[in-house]
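Please look through the sequence and the structure shown here, and keep both in view while reading the paragraphs that follow.

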Amino acid sequence: MDVKNSLQLTTTSGAYDDDGRPKRTGNLKSAVAHIITAVIGSGVLSLAWSVAQLGWIGGPIALLCCAIATYVSSCLLADCYRNPDSVTGKRNYSFMDAVRVNLGEKRTYAVGFLQIVSLYVTCIAYVITTATSMRAIMRSNCYHEEGHNAPCKYGGNVYMMLFGLVQVVMSFIPDLHSMVWVSVVATIMSFAYSSIGLGLGLATVIKNGRFMGSMTGVQTATVADKIWLIFQALGDISFSYPYSMLFLEIQDTLESPPAENKTMKKASMMSILITTFFYLCCGGFGYAAFGDATPGNLLTGFGFYEPFWLIDFANVCIIIHLVGGYQIYSQPIYSTIDRWCSKRFPKSGFVNDFHKVKLPLLPAFKINLFRFCCRTSYVISTTGLAILFPYFNQILGVLGGINFWPLAIYFPVEMYFVQKKIEAWSTQWIVLRLFSFACFLVTVMGFIGSFEGIIRAKLS
């Protein structure tokens with residue numbers, strides 16, 4: 001039997017997909033788990049603060065509008081996984097592949113740069129958030145033992161380095177296909193701490209006997225200060241939803257039939273409905289509990305002191321979730337570097353060879369020296385920058401500015417125009433152009449406000 005016939009029989013038996021790669025086994029549940037792991041992260045903890053800046057009218061409206069925008073862009077992007085036909089065309093394995101096929105090489109370089117920067121800064125935000133949660137556990141125990149007025153202060157650099165060490169070990173996971181279990185655990189953790197934040201906020205509202213806050217949000221000394229805070233809040237909210245950077249990588253894990261774009265649209269709808277419910281509840285009850293005194297991070301800013309063990313548990317859940325979330329956001333960068341170097345240096349043993357390693361009490365595993373050095377350097381760099389710029393809310397706002405319009409709106413809209421051959425000045429073309437422009441304005445405001453916040457925090 002020749003190689004061609006052997007491959008044909010193997011493909012027919014179901015061992016391989018139509019592109020010759022091993023059969024994909026992802027389904028609706030795994031896609032929802034991946035999406036929620038990517039979406040419900042550190043951003044949920046800043047939403048109460050964001051709602052506080054916008055008030056009872058602007059806060060919920062901003063959250064709902066961002067949810068709708070994310071779902072629309074997700075539907076557009078799901079149809080770009082295959083080209084030219086959305087169901088039977090050739091697969092695009094990543095966001096960059098889809099841009100290259102639909103929009104050409106020049107814009108591929110632009111989206112590649114933005115995607116890598118956004119993924120990279122997200123990892124920095126996760127390092128900051130994890131260290132903040134570790135410190136919160138220490139402070140919670142200290143306040144419980146010494147009283148709420150005790151000077152319980154702990155540095156964050158050691159905790160950031162500990163998190164970096166864990167990520168060096170986690171980076172041995174080969175790729176996103178091997179991370180379903182990580183996503184499932186991270187999703188459970190995200191529901192746990194989101195529910196705890198919601199419950200504590202609700203309990204505080206009941207204890208207070210009324211809803212705190214106002215229709216216009218936090219009062220400031222000057223109009224300029226209010227504008228900067230509104231802009232920063234919009235940046236934080238815009239960060240909390242989009243997952244376009246990982247969208248096609250997640251879709252590439254799905255089995256077919258049913259068609260991948262149909263499964264991904266269902267997964268997006270379910271995930272966005274779930275996250276929006278949690279976001280509205282966490283943001284709303286957090287603001288209702290504390291009003292103008294709402295902390296920047298709901299579970300680490302110490303609006304809540306008791307029960308201390310529940311706050312500790314919530315922060316442990318955050319840490320476990322962010323350990324997985326860091327890898328979800330790092331793997332696309334790792335795979336891009338691995339593919340490029342393998343093509344650039346096909347004969348290099350350092351780049352391509354795997355070595356079997358056996359450590360005491362552990363099963364044998366294979367290690368690639370290039371991956372070990374590259375991924376370790378990556379983790380060290382994100383940890384180092386987090387130590388230099390440990391500003392939670394401002395970093396999230398900058399991320400929202402980088403990620404929301406360029407990656408989550410502009411490129412999906414432009415690719416959809418090409419994929420579906422939408423004529424200029426048609427009704428659909430005009431509607432999507434207006435949609436893109438409105439999201440662009442939100443991005444500009446969020447980026448400017450958050451960048452100003454970083455400068456102010458660094459100089460103060």
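Leaving aside its neighbours within four places in sequence, which residues is arginine 21 in contact with? The model is a predicted one, and in this model arginine 21 is in contact with Ala15, Tyr16, Tyr93 and Asp252 once those neighbours are left aside. Arginine 21 is found in the loop between α1 (3-12) and α2 (28-39), and it is partly exposed, with a relative accessible area of 38%. A residue for comparison of position is alanine 386, which is 365 residues apart from arginine 21 in sequence and 38 Å apart from it in space, taken from C-alpha to C-alpha.

Lysine 366 lies in strand β4, which covers residues 365-367, and because its relative accessibility is 63%, lysine 366 counts as exposed. Not counting residues up to four places away in sequence, lysine 366 touches Phe354, His355 and Lys356. The C-alpha atoms of lysine 366 and tryptophan 228 are separated by 51 Å, and these two residues are 138 residues apart along the chain. Threonine 383, in turn, has its place in helix α13, which covers residues 369-388, and with a relative accessibility of 7% threonine 383 counts as buried, since buried means under 20% relative accessible area. Leaving aside its neighbours within four places in sequence, threonine 383 is in contact with Val127, Met160, Met161 and Gly164.

Two packed helices are described by the angle between their axes and the distance between the axes. Helix α8 (residues 223-239) and helix α15 (residues 427-459) pack at an angle of about 115 degrees, and their axes are 7 Å apart. That angle makes α8 roughly perpendicular to α15, and the crossing of the two helices is left-handed. Among the residues that make the contact are Trp228 and Phe231 of α8, together with Met445 and Arg456 of α15, and by class the residues of this contact divide into five nonpolar, six polar and three charged.

Another pair is formed by helix α5 (residues 105-146) and helix α9 (residues 244-251), whose axes come within 9 Å and cross at roughly 100 degrees, which makes α5 roughly perpendicular to α9. Their contact is made by Gln115, Ser118, Leu119 and Thr122 of α5 and by Met245, Leu246 and Glu249 of α9, and it has three nonpolar, three polar and one charged residues. For helix α3 (residues 47-78) and helix α10 (residues 260-290), the axes come within 10 Å and cross at roughly 180 degrees, so α3 and α10 are roughly antiparallel to each other. The residues of the contact of α3 with α10 divide into 20 nonpolar, nine polar and one charged.

The last topic is the nonpolar core. The largest nonpolar core has 101 residues, and of these Phe95, Tyr193, Met264, Tyr326, Tyr329, Ile409 and Met415 touch the most other members. Leaving aside its neighbours within four places in sequence, phenylalanine 95 is in contact with residues including Leu77, Val111, Gln115, Leu248, Glu249, Phe411 and Met415. A second, separate core has six residues, among them Val205, Ala288, Ala289 and Phe290.

Definitions and conventions:
Residues are numbered from 1 along each chain as its sequence is written. This is a predicted model: local features need pLDDT of at least 70, side-chain atom pairs count only at pLDDT 80 or more; totals for chains, interfaces and linings use all residues. Side-chain values use heavy atoms; hydrogens and water are left out. Axes are lines fitted to C-alpha atoms, for helices over the stretch in contact, and angles run from 0 to 180 degrees between N-to-C directions. Helices (H or I, at least four residues) and strands (E, at least two) are DSSP runs, numbered from the N terminus. Angles under 35 degrees count as roughly parallel, over 145 as roughly antiparallel, 65 to 115 as roughly perpendicular and the rest as oblique. A crossing is left-handed if the near helix is turned anticlockwise from the far one by less than a right angle, and right-handed if clockwise. Contact means heavy atoms within 4.5 Å. Ala, Val, Leu, Ile, Met, Phe, Trp, Tyr, Cys and Pro count as nonpolar, Asp, Glu, Lys and Arg as charged, and the others, Gly among them, as polar. A nonpolar core is a set of buried Ala, Val, Leu, Ile, Met, Phe, Trp, Tyr and Cys residues joined through side-chain atoms within 4.5 Å. Buried means under 20% relative accessible area, exposed over 50%, partly exposed in between (1.4 Å probe, protein chains only).
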